[in-house]
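Please read them with the structure open.

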Amino acid sequence: MQPESVIEIRNLTKVYRDFWGRKKVQALNSLSLDVHRGEVFGLLGPNGSGKTTTLKLLLGLLFPTEGEIRILGKTATDVEKNKYIGYLPEESYLYRFLNAEETLDFYGRLFGLSSSERKTRSDRLIKLVKLDHARRRQLKEYSKGMTRRIGLAQALINDPEIIFLDEPTSGLDPNGRRDVKDLILQLKSEGKTVVMCSHLLAEIEDVCDRVAILYNGELKLLGTVDELLQSQGETQLRTTAIPQDAIREVEAVLARHGAKLEGVSHPKRTLEDLFLDTVSSSAARPGQRFVDGKVPPTTGDGGAAEPAVTAASSGSRT
Amino acid sequence: MLTFNPQPFEFLPALGTWLLVLVAFTVVVAVFAFIGGLLTGGFAGVRRVFSGLVRGVVDLVSISPGRTWAITQLTFIEARRRKAFLVFVVFALVFMFAGWFLTGSEQRADEQVKVFVGFVLTTLSLLILPVALLLSCWGIPEDIRRRSLHTVVTKPVRRSEIVVGRMIGYVGINTIVLLVMGLVGYFWIVRQVPDEAKSALVSRVPIFGDLRFIDREGKPKREGVNVGDIWQHRSYIEGATPERAIFTFDGVTPDAMTSVVVKDPETGETREEERLRIESTFEAFRTYKGDMSRGIYVQYYFANPDDPEKTRVADPNAIFAIEEFKLNVQNIPRKIQVVDDETGAERTVDLFEDVVSDDGRLQVEVAALDGAQYLGMAKADLFIRKPDRPFASGYFKAVFGIWLMTVLVVVLGVTASTFAKGPIATLLTLTLLVIGSPFRGFMDELSNNYLASVTRSNVTLEGGGPLESIVRIVKHMNPTTELAPGVSTTVIQSVDHVFLAGLSLVRYVIPDFGVYNLSEYTSKGYDVFWSTDPGLLRAMAMTLAFLLPCILLGYYSLRFRELESK
Ligand SMILES: Nc1ncnc2c1ncn2[C@@H]1O[C@H](COP(=O)(O)OP(=O)(O)OP(=O)(O)O)[C@@H](O)[C@H]1O
Ligand SMILES: [Mg+2]
């Protein structure tokens with residue numbers, strides 16, 4: 001079954017121009033991708049690769065130089081779509097003279113929520129992001145992490161269908177990161193779509209269904225996390241504990257079914273490896289781009305890091 | 001004496017002009033937008049422009065009060081937390097010290113009242129204008145700079161709601177500030193004015209009339225060159241001739257009469273009676289010295305303007321010697337005893353039943369009685385004074401006028417701030433203020449003369465347009481001599497044509513801040529009029545006229561603006 005696309009990006013190009021219309025930066029180059037309903041989508045890429053630009057284009061804060069965007073079937077500048085989306089900006093752009101309650105109340109009003117509804121929702125969200133102790137303090141007194149938290153709460157005030165999170169965990173303490181990760185998984189379980197940028201690959205690896213890697217405004221890699229992290233040409237066997245001298249005879253042991261076979265799979269690289277590979281190969285070979293469904297072969301030998309209890313065998317190809 | 005000339009203000013024609021200008025500008029802008037769309041995007045571009053325009057209309061019509069009010073309240077909290085209300089402290093300081101300087105002056109009581117009232121109203125507008133200007137010009141740009149607007153626009157807020165919400169917010173803040181300062185100012189005046197001057201603390205309600213002159217033969221008299229400015233310009237009638245100055249008043253009804261204390265000449269008792277109170281200031285021009293101990297004698301005649309000959313009555317009591325440069329007050333009784341010239345019979349004339357026309361018009365003819373002496377007067381020199389209203393009436397109407405001006409400043413400021421950064425927006429609004437008030441008269445005169453010279457063949461633009469004038473100045477040329485025909489003259493005159501035609505158009509989009517100058521009425525002891533120019537209705541019309549175009553402009557520029565890139 002074809003998954004339903006809630007976001008469609010076609011040939012999106014963005015050129016930043018200066019006051020006189022002269023080209024300053026080409027931030028995005030012919031980006032095309034779809035985000036499906038109910039998935040957690042990760043946008044990766046080094047600094048300045050165009051992740052934030054993509055999100056801002058999606059939200060109508062920037063106008064595309066070329067290309068088209070559809071969100072829930074509407075254009076990016078259509079205010080109607082805003083009812084169903086939530087956005088956590090890269091830095092929290094909130095009114096610093098408001099306190100947490102007023103902030104949520106204000107944004108709640110913009111969605112036309114009734115005052116009792118606003119009250120219950122902001123109560124719940126303030127508890128959710130653990131700002132209960134500071135709900136009456138003005139945001140200008142907040143620490144970076146606290147500002148992030150209220151920003152996150154603000155993005156959820158309308159119970160959105162699609163949530164855009166630009167580096168949601170930056171500035172958060174380990175507990176906070178943990179909470180955000182849990183939150184994203186919870187949103188996913190509620191059927192929401194999440195689009196997030198992050199530099200913390202372990203996190204992305206844990207929560208994202210699909211990722212796209214941007215480099216210099218070009219899409220370099222796109223696919224499900226599982227697919228992308230499978231390394232070809234390798235097979236991984238996981239067994240119960242076996243005697244030390246038997247390791248040398250693993251194949252024989254297997255052939256003789258001396259040990260119970262617990263699973264056969266492709267060994268996974270970490271997303272970090274994949275990311276670094278993609279970036280370095282993109283730097284080495286500029287102009288190479290991800291084209292519909294085809295992952296360009298990655299260099300590097302892969303399988304560098306294995307868990308201690310894992311025995312890997314190379315040679316047998318799948 | 002007022003320094004300007006209150007003209008009747010007709011609301012409907014003004015509305016018509018407004019609509020015409022609005023439609024014309026909309027059409028021009030739309031045409032340019034379509035051409036722009038066609039040039040940049042071909043047919044698709046035209047379609048984009050069209051759908052943009054349509055969506056603009058939708059966005060403007062479907063403004064949500066709830067969201068707008070949310071923005072308004074945000075604006076309020078912002079001003080409060082950013083301590084905008086500190087302006088009160090400045091205000092309080094000014095007033096604490098002003099008392100010392102203003103009192104103790106050795107002026108006449110009513111002059112002192114003028115000083116106090118003028119001072120308070122000037123201070124009000126001088127303090128409120130910067131508040132309005134700075135708040136409105138810096139709000140949205142600051143919001144964009146701090147990017148707090150970015151989060152707002154990712155919610156289902158229409159840009160029109162942001163513009164309108166901000167406008168209402170700033171107007172609200174200014175209203176509060178002005179109201180508090182206005183009240184404080186009022187009580188300050190009432191307390192500061194010395195007791196003996198309290199009687200001058202009223203709002204006089206004059207009925208001004210139209211003034212014309214007739215000469216010895218009873219024909220309309222041509223006045224000097226300065227016809228347009230009769231308010232300022234006095235014309236003269238000669239004494240002991242049939243020359244008359246004729247004032248025609250409208251709205252003269254019995255309730256225009258004032259109750260005055262009169263002394264019965266026989267019994268010496270005093271009682272209150274309703275009288276029609278006519279106040280005047282005349283200027284005498286003596287061709288010989290005469291009796292310097294008394295003023296020139298003046299007599300009033302009253303008549304129905306529709307049939308002056310049949311209805312003319314002379315009030316025998318309304319003959320008096322004028323006091324120059326002072327107010328002459330004549331209280332005309334309703335019943336006037338007249339002696340018929342021909343029969344010598346005495347009869348009683350009822351001013352309202354027998355003289356004033358059915359629709360309330362009355363003609364007052366002024367005659368000078370001393371031969372070879374001249375009596376000078378202008379339009380505002382003679383008026384019917386209706387019963388006074390309390391001082392608060394004129395005062396708060398003037399404050400309302402200031403309020404209307406701040407509303408316009410806020411509207412202009414917010415609009416400018418949707419496409420310019422704070423300092424630029426401030427400068428722009430300030431420029432409009434400056435062009436709109438001190439330079440306004442100059443600009444109007446220039447373009448009126450130009451329009452007259454274009455539309456009427458017998459009028460020429462004396463001295464030409466600005467470029468031609470400069471050339472004349474440099475060449476030391478007389479403004480009436482023709483420039484030598486030639487290429488350079490044609491060029492100069494075409495440039496001037498374009499400039500003046502442009503100016504005549506631009507005049508419509510530059511607000512006339514002169515209409516808000518209502519404080520002069522109050523400080524000179526008058527009530528503020530409704531339907532004159534300047535007057536309240538005119539001021540309201542001016543503010544309203546700019547509201548819709550500004551919201552439109554603000555909305556479109558905020559919408560087509562890429563918030564993120566700068
Ligand atoms: N307002 C702007 N004006 C001009 N150039 C800009 C602007 N914003 C971003 N850029 C440029 O566009 C490119 C992409 O920037 P973007 O912010 O999208 O990167 P990013 O992937 O979000 O980076 P990071 O990981 O650091 O957040 C960069 O080269 C940046 O310099
Ligand atoms: Mg970024």
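The points below cover the basis of the model, the metal site, the domain contact and the chain contact.

1. Basis. This is a predicted model, in which local features need pLDDT of at least 70, side-chain atom pairs count only at pLDDT 80 or more, and totals for chains, interfaces and linings use all residues. Residues are numbered from 1 along each chain as its sequence is written, chains are lettered from A and ligands numbered from 1 in the order written, and side-chain values use heavy atoms, without hydrogens and water.

2. Metal site. Thr52(A), through OG1, and Glu90(A), through OE, coordinate the magnesium ion (ligand 2) at 1.8 to 2.3 Å. Thr52(A) sits in helix α1 (residues 51-59) of chain A, and Glu90(A) in the loop between β5 (85-88) and α2 (100-110), 38 residues apart. Helices (H or I, at least four residues) and strands (E, at least two) are DSSP runs, numbered from the N terminus. Donors are N, O and S atoms within 2.8 Å of the metal (3.2 Å for Na, K and Ca); water is not among the atoms, so sites may look incomplete.

3. Thr52(A) counts as buried, at 15% relative accessibility. Glu90(A) is partly exposed, at 27%. Buried means under 20% relative accessible area, exposed over 50%, partly exposed in between (1.4 Å probe, protein chains only).

4. Chain A is assigned domain 1 (5-229) and domain 2 (234-314), with bounds from an automatic or database domain assignment. The two bury about 1800 Å² between them, 68% of it on carbon and sulfur atoms. Buried area is the accessible area (1.4 Å probe) that two parts lose on being put together, summed over both. In domain 1 of chain A, Leu201(A), Lys220(A) and Leu229(A) lose the most area to domain 2, together 34% of what that side buries. A salt bridge is a side-chain nitrogen of Lys or Arg within 4 Å of a carboxyl oxygen of Asp or Glu.

5. Chain contact. Chain A gives 33 residues and chain B gives 34, where contact means heavy atoms within 4.5 Å. The area buried between chain A and chain B is about 2900 Å², with 60% from carbon and sulfur atoms. On the chain A side, Tyr93(A), Phe97(A) and Leu110(A) lose the most area to chain B, together 24% of what that side buries.

6. Salt bridges between chains. The count between chain A and chain B is 3. Glu80(A) pairs with Arg158(B) in a salt bridge, with the closest N and O atoms 3.6 Å apart. α2(A) gives the most to the side of chain A that touches chain B, with 5 residues.
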